[in-house]
Amino acid sequence: MSDLPLVGRRIALPESRELDLFADMLLKRGAEVLRCPLVAIHDAPDQQPIQDWLEAFISQPWDDFIMLTGEGMRRLLTAAERAGGTVREDFITRLGQVRKIVRGPKPGAALRAVGLKAEVTAVEPTTAGIISTLQTEDLRGRRIAVQLYGTDPNQLLMSFLQQAGAQVAPVWPYVYADDVENAQVDALIAELAAGRLDAIAFTSGTQVRRLFQIGRRSVGEQRLKEILAGLKIAAVGPVVAGELQERGLRVDLMPPSSFFMKPLVRELVREFGGTSPGNGLH
């Protein structure tokens, strides 16, 4: 075990859906992992609007489908399967007939899982990236289905499409369970404050926002920033890094390209591999 690159390192993982996969990568390299799922994702509590949206998507003519998240695609497929009959197959068939516009690699991967591929990928994986990608197109009269997330109306994107003359049909297939893990988040902050961790690795902007939401209440925003400044902060990519930097935090580790978990693990190994753990990192 002693020749593993992360032996003796304690790393906090505020991950949700892929927590086990990420943790396993680090455990295999010798790290001790503190798991704290900062984002719990659940099906939207009212499924009727989603069933209505699926029925309309399948039965009516559409030109484009904008996907913001891979999670949204998986939740829509689950909802279609739950509807019974041939709804899931009909949904996939209909998806194959429209132009599919994705915000980034994760929704693209969710499409490939059902044998489809995106025709358009945003110039950057953000709402602004989608808008920039479509900015020069004539969208007048186009019928555009849009997969959103949480309960966010994404007024920026919806206003852009409507002002461009498109007919828009949004759907929100899942919600974030904001109040489920408060105790776990408080425990994470206490552990960070005790100086017993070497790094924290963020894989989504939602995790950063959630940590600060709870931290403001439990220790105050300034104290949370001081706590985080006492260890290495890793971000999976520039969107997450931006969330951290907006809050005045430095980002110590980030993959130079290919913004996924494996490259992030490589950065952690590069940072800590072959060095002796001390009493915290400053």
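Reader: How far apart do the C-alpha centres of domain 1 and domain 2 lie?

Author: The C-alpha centres of domain 1 and domain 2 lie 29 Å apart, where domain 1 comprises 10-40 + 178-273 and domain 2 comprises 42-176, bounds that come from an automatic or database domain assignment. This is a predicted model, in which local features need pLDDT of at least 70 and side-chain atom pairs count only at pLDDT 80 or more, while totals for chains, interfaces and linings use all residues. Residues are numbered from 1 along each chain as its sequence is written, and side-chain values use heavy atoms, with hydrogens and water left out.

Reader: What makes residues of domain 1 and domain 2 count as being in contact?

Author: Contact means heavy atoms within 4.5 Å, and eight residues of domain 1 are in contact with nine residues of domain 2.

Reader: How do you know how many salt bridges the rule finds across the interface of domain 1 and domain 2?

Author: A salt bridge requires a side-chain nitrogen of Lys or Arg within 4 Å of a carboxyl oxygen of Asp or Glu, and across this interface the rule finds zero.

Reader: Which residues does Leu 228 touch?

Author: Leaving aside residues up to four places away in sequence, Leu 228 touches Leu 192, Ile 200, Leu 211, Phe 212, Ile 233 and Leu 249.
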